[in-house]
Structures are given as structure tokens and as C-alpha cells.
Amino acid sequence: MKNQMEARLQECCDELKWLYCELYHNDQDAFEYFVEMLRRCYAQRKTALRRQDEARLKNPGWLRSNKLLGMMLYVDAFAGNLQGVEEKLPYLQECGVNYLHLMPLLKTVKGKSDGGYAVADFRSVQPELGTMEDLEHLADACRKAGISLCLDFVMNHTSDEHEWARAARAGDPMARSRYFFYDNWDVPNLYEQTVPQVFPTTAPGNFTWLDDCRQVVMTFFYPYQWDLNYANPMVFNDMTENLLFLANRGMDVLRLDAIPYIWKELGTDCRNRPQVHTLSRMLKLACYIVCPGVALLGEVVMEPEKVAPYFGTPEKPECDILYNVTTMCTTWHTLATRDTRLLRRQLEQVCALPKGCLFQNYLRCHDDIGWGLDYPWLSHFGIGETPHKKYLNDWFTGQWPGSWSRGELYNDDPRLGDARLCGTTASLCGLENWDQLQALRCDLMLHAWMLTQSGIPVLYSGDEIGQLNDYSYHEDPDKWSDSRYLHRGKFPWELAELRRDTDTIQGQLFQGLRQMEQIRAAHPVFCADALVWPLDPGDNGVLALQRRYGGQTLTALFNFSEHPRTLTNPAPGSRDLMTGAEVPDRTLELQGYGFRWLLQEDADV
Ligand code: GLC
């Protein structure tokens with residue numbers, strides 16, 4: 001009798017073969033190798049994981065539950081190493097976290113690591129953080145504790161110290177064909193005419209000259225991150241095997257780092273090429289065949305019309321989860337302008353997407369905030385892109401008169417006036433130097449808004465206790481030039497000790513968040529299947545929306561200004577979920593940075 005994997009392979013073989021052979025010029029040998037590799041990876045998948053796969057196939061909505069709460073963290077900053085993380089699982093459980101994204105932890109080279117995003121070996125863990133056995137042990141412990149694990153799969157490039165890169169440097173033509181090597185600058189210069197820069201200040205240019213072998217190599221990110229050539233089927237085959245290797249160590253979600261960049265084509269901007277979608281669909285099929293319980297999170301930090309296609313279609317899905325990046329940066333824009341209209345418009349756009357689309361919602365992550373706002377729309381209000389970015393950056397770096405925010409610029413490109421921004425949520429909300437209670441309310445309101453959105457809310461480690469910026473990276477020779485380290489500081493355990501003491505800022509933040517998270521988990525109206533629509537509360541300082549599911553309607557209101565507001569109550573006769581009080585009034589008071597979650601049962605409406 002055929003096993004379940006063979007049945008799934010049969011089910012998708014036609015599509016897989018079609019896509020593969022079209023992309024790789026009918027290379028049958030490479031395709032056969034690919035299929036054998038899938039069989040090999042399935043043979044290595046342990047029983048506990050296969051069982052979980054089957055369970056998830058029966059419950060495909062496992063990621064859409066209102067009970068899911070994520071956190072992302074750096075292993076070393078949080079607990080030193082992987083064993084440390086395992087010891088700290090009770091803390092994460094106290095935070096209510098059941099989805100944990102561990103930042104890159106595979107082998108990398110100190111001083112040339114880009115925070116772990118330059119992988120020198122996809123099969124081993126960075127020695128200071130532990131071993132592959134430690135990772136698998138942690139994954140087992142998480143599975144028992146009901147925590148899903150997410151790991152980055154850095155697929156666009158390898159470190160220049162990866163074995164393929166070393167062989168390529170030494171002149172091996174097969175290895176060179178895995179990258180983009182050139183004898184001179186002719187072709188690189190042609191690319192430079194159409195390809196924008198990812199790190200214009202910290203790593204200008206898209207190619208790097210290798211003096212030892214007198215070659216030019218493509219490096220869209222840092223010079224030590226060599227772009228892989230996915231036009232070579234062996235690259236796709238081996239990278240897929242690396243992905244499945246990590247899945248077999250017990251990862252539940254794999255984050256496809258920088259996926260829009262993986263197909264290069266001269267004369268284009270080398271972003272979001274149609275072939276990228278062929279590749280991501282094939283990755284999804286590979287996972288479905290070998291490890292159907294594993295989900296793919298696409299890192300597509302782009303404007304909304306570029307993001308949504310990475311979901312694929314309901315019949316031919318690609319990524320299971322995508323970052324809600326425009327909502328994230330529009331949220332910060334709203335805080336600086338106290339004008340919720342653009343955020344309401346953004347919410348309308350997200351609500352209009354097909355129901356199956358699942359977003360990861362967040363306020364902060366390990367990266368900077370890029371101001372990818374809807375400028376054509378803002379221009380109707382006389383707001384221009386360059387001056388507005390400058391305003392936002394001035395506001396969040398505390399340069400604007402009256403601003404309490406304390407961020408730092410990132411990749412300031414004076415040519416384009418295009419700087420991005422770094423900082424922790426708490427520092428950006430003013431907790432470093434402003435009225436602490438006001439800053440705390442602002443921080444909690446933003447988290448409430450994040451928890452109200454459909455999808456998976458993911459906290460940035462440290463935000464649950466208001467971790468501030470870490471300025472010590474200025475002194476570190478490996479880090480000083482990359483301001484993203486501002487919000488990658490060591491986790492302050494001494495402050496976390498205060499989390500149960502509600503006389504402290506940490507306690508108020510931690511307990512306030514816990515209360516919101518528990519309410520979210522207890523009410524299915526927060527699940528990703530709910531209907532959601534924005535409301536016009538009659539006041540541009542306030543964002544209002546409703547969610548509806550299973551006979552319940554939630555009205556959520558967020559005051560993005562520091563001043564109190566009085567509104568007509570859009571949900572009379574409702575119950576305030578935070579206080580438990582009935583809300584019979586025709587009018588509602590919202591304190592500065594206040595929010596309300598008002599619930600109506602069908603019977604009340
Ligand atoms: C992604 C990561 C970022 C990294 C880049 C290069 O965008 O989020 O931190 O610098 O990829 O790998």
C-alpha cells in the first residue's frame with residue numbers, strides 16, 4: 001500500500017512537473033532528482049511530526065485561531081543559547097505565547113552575519129547558540145508545551161563562507177553557476193541601471209569585486225551575502241532539501257526571507273518576477289507532499305498590491321502567512337499625525353482581500369520601519385512623499401518640537417530623502433523620557449489595535465515589559481553601522497522580574513497586555529474568519545471598526561491622539577470587555593490614547 005506521502009505526490013505531481021519543467025527547460029534529470037529528494041526527506045521525517053501533519057491536515061484552520069499569540073526573539077539576547085530558551089519556556093507560557101519565531105540561529109560568520117541572515121551552513125547551528133540536537137530538543141519541548149516554532153529560511157543568498165561560495169571563489173565552475181559571477185563589470189553595470197538598492201548607505205551597490213579571484217559577484221544585500229542563482233535547478237533542489245531538513249528538525253513555520261528577490265532578470269528591478277511565484281508555489285507543494293503540517297511565512301516587505309499575490313490562489317496556494325507590513329507602518333504614521341484616515345483606508349483594503357489570506361500582525365520586528373505608505377492617496381491632502389517621510393523621521397527621532405519619541409534613522413539616503421527608522425515600541429511611544437503613564441497608555445493602545453486585527457499577532461520580545469532602546473551597539477565594531485541593533489538589545493531580565501508588580505511600568509504593561517490577550521483568546525469574534533469592516537466614528541483622531549463572528553459583534557475604538565475624545569457610541573447596550581461594565585450611554589468617552597472593546601451578543605442588538 002502506498003504511504004500518505006506517495007498519495008500526496010500523486011495528487012500534485014502533474015502540477016509540480018509542469019511548473020518545474022517549464023522553469024528548468026524540461027530538465028527531466030533534475031526533476032527526477034527533486035522527486036527522489038522529496039521521498040528521502042519524507043523517509044527521514046519522524047513519527048511525531050508525521051502524526052502532527054495528519055492532525056493539521058484535518059484541521060487546516062489551526063493558524064487562524066484567536067488563541068494564537070506569537071513572539072519573536074533573538075536566542076542570544078533572550079536566553080544566551082537554545083538550552084536557555086528551553087529553560088525559559090515557562091516565562092513564554094506566562095506571556096501566553098504559543099507561536100515562537102526564533103531569529104536566525106544557523107551557522108554564520110562573526111562580523112559578516114547581518115544578524116544571522118548570512119548563513120554559512122544550513123545544517124548546523126551557530127556554536128555559541130548550541131547544536132542541531134539542542135534545536136530539535138527545543139522543538140520537541142515546544143511541541144509538548146503546545147508552542148509552534150518558526151525559523152527563518154534565508155534563501156536568497158548564502159554567506160560568502162558557505163561551502164558553495166568557497167568553492168566558487170576557488171574557481172569551481174559548478175559552484176560558480178550557483179551564484180552570479182562575472183569576469184568584468186559589463187553585465188553588473190547593466191543590472192545597476194534598473195535594480196534599486198536594498199541598503200543604500202550600509203551596503204551601496206548590488207555587486208562586489210572579489211580581488212582574490214578577480215571576479216564580480218552579485219550581492220544585493222551585504223557584500224558578504226552572495227545571491228543564489230535559482231535559474232540553476234541544483235540550487236532550487238538543494239535549497240528545498242535544506243528547507244525540508246529544518247522542517248524535519250521540528251519547525252512548524254518557515255519564514256521565507258526576502259522571497260521577492262530570488263529571481264534575477266536583466267533589464268528588470270529583480271523584484272517579484274513571475275518566476276518567484278513559480279518557485280514559491282513549488283516550495284509549498286514540496287511541503288505539502290513531505291510535511292503538510294508545516295506552514296510558510298513569506299517575508300514580502302512591499303506595497304499591498306505586491307504582497308497579496310504571494311498568497312497564491314485558493315486552488316494553488318503559495319505562502320500561508322504574510323507580514324501585514326503596510327498596516328504596521330501606517331499605524332506609526334497615524335501615531336505621528338493623529339489622523340486615522342489613511343489607516344482606515346488601509347484597513348478597508350485588508351478587509352477586501354479574500355478571507356483565506358492570513359497576516360502576521362506586528363508593531364515592531366527585528367528590522368527597521370520603512371515608510372511604505374500610500375503616497376498617491378496622501379497627495380490628495382497635499383502631503384508629499386519626501387517631506388512627509390522627513391516629518392515622520394523627525395517626529396520619531398525626537399527632532400520635531402514637542403516629540404517624545406526616541407528612534408534612530410536607518411539607511412538614511414540623502415539623495416532620495418528616504419531614511420527608515422529604528423527603535424523599540426516603548427522608546428518610540430515615549431517611555432524613555434516622557435510622561436510615563438501617557439507613554440504606557442499609548443503603548444497599550446497600539447498593542448490593543450494589533451490584537452484587534454485579523455491574523456496572528458506577534459509581539460517583539462521585550463515589548464511585553466516595555467524594553468527601551470539599547471544604545472550600546474554604538475560602541476560595538478561589528479554593529480555600530482547598523483542601527484537595527486538599537487532594538488536588538490539584551491532582554492532585561494531584572495525588569496521582567498517586576499512584571500507581577502502593578503505599581504511598576506513593567507507590571508502595568510505586562511498585566512495590561514495579558515488581560516487583552518486573554519480576552520482575545522476567550523472570544524472567537526477575534527478569529528481570522530470573522531467579518532471585519534471599518535466605521536467612521538466622526539472624529540479623525542479615532543480609528544473605529546467592527547468584527548462579527550458567531551453571533552457576536554465587537555466594536556473597537558482607538559484614540560490615536562493624546563487628548564480625550566467624546567464620541568457618539570456606535571454600540572449602545574454593549575459590554576466593555578476590559579472593564580466588564582455595561583455601556584448603555586449614547587455617548588462614549590475615550591481618554592488620550594484610550595481604546596475600547598465593546599461586545600454585543602446577537603440578543604442585545
Ligand atoms: C530580510 C531580513 C533582514 C535581512 C535581509 C537580508 O529582509 O528581515 O533582517 O537583513 O533579509 O537577509
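Let's start at threonine 158, which sits in strand β6, residues 157-159. Threonine 158 is buried, at a relative accessible area of 0%. Buried means under 20% relative accessible area, exposed means over 50%, and partly exposed is in between, with a 1.4 Å probe and protein chains only. The side chain of threonine 158 makes a polar contact of 2.8 Å with the side chain of tyrosine 179. A polar contact is a pair of N or O atoms within 3.5 Å; within protein, one must be able to donate a hydrogen and the other to accept it, and residues adjacent in sequence count only if both atoms are side-chain atoms.

Some ground rules. This is a predicted model, where local features need pLDDT of at least 70, side-chain atom pairs count only at pLDDT 80 or more, and totals for chains, interfaces and linings use all residues. Residues are numbered from 1 along each chain as its sequence is written, and side-chain values use heavy atoms, with hydrogens and water left out.

Now the ligand. Which residues surround the ligand? They are Asp114, Tyr117, His157, Phe199, Phe221, Gln225, Arg255, Asp257, Glu299, His366, Asp367 and Arg484. A residue is near a molecule if one of its heavy atoms lies within 4 Å of it. By class, the shell has three nonpolar, three polar and six charged residues. For the classes, Ala, Val, Leu, Ile, Met, Phe, Trp, Tyr, Cys and Pro count as nonpolar, Asp, Glu, Lys and Arg as charged, and the others, Gly among them, as polar.

Next, distances to ligand oxygen atoms. For a polar side-chain atom of aspartate 114, the distance is 2.7 Å. For an N or O atom in the side chain of glutamate 299, it is 2.8 Å. Histidine 366 also places a polar side-chain atom 2.8 Å from a ligand oxygen. On its own, the ligand has 300 Å² of accessible area, and the protein covers 95% of that. Those areas come from the Shrake-Rupley method with a 1.4 Å probe; for residues, only the protein chains shown count as cover.

Why does the ligand lie between two domains? Because domain 1 (1-155 + 234-264 + 274-323) and domain 2 (163-227) both give residues to its shell. The domain bounds come from an automatic or database assignment.

On to aromatics. The whole structure holds 34 aromatic pairs. One of them is tyrosine 20 with phenylalanine 34: tilted, 5.3 Å centre to centre, 40° between the planes. Rings of Phe, Tyr and Trp (its six-membered ring) pair if their centres lie within 6.5 Å; planes under 30 degrees apart count as stacked, over 60 as edge-to-face, and the rest as tilted. Tyrosine 20 is in helix α1 (residues 4-23) and phenylalanine 34 in helix α2 (residues 28-43), so this pair ties together parts 14 residues apart in sequence. Both residues, tyrosine 20 and phenylalanine 34, are buried. One aromatic cluster takes in Tyr20, Tyr24, Phe31, Phe34 and Phe236.

Last, two backbone items. Cysteine 270 has a positive phi, near 60°, and is not a glycine. Cysteine 270 sits in the loop between β11 (253-257) and α12 (274-290), and counts as buried at 0% relative accessibility. Asparagine 411 has a positive phi too, about 45°. Its loop runs between β15 (408-410) and β16 (420-422). Asparagine 411 is buried, at 5% relative accessible area.

Methods:
Helices (H or I, at least four residues) and strands (E, at least two) are DSSP runs, numbered from the N terminus.
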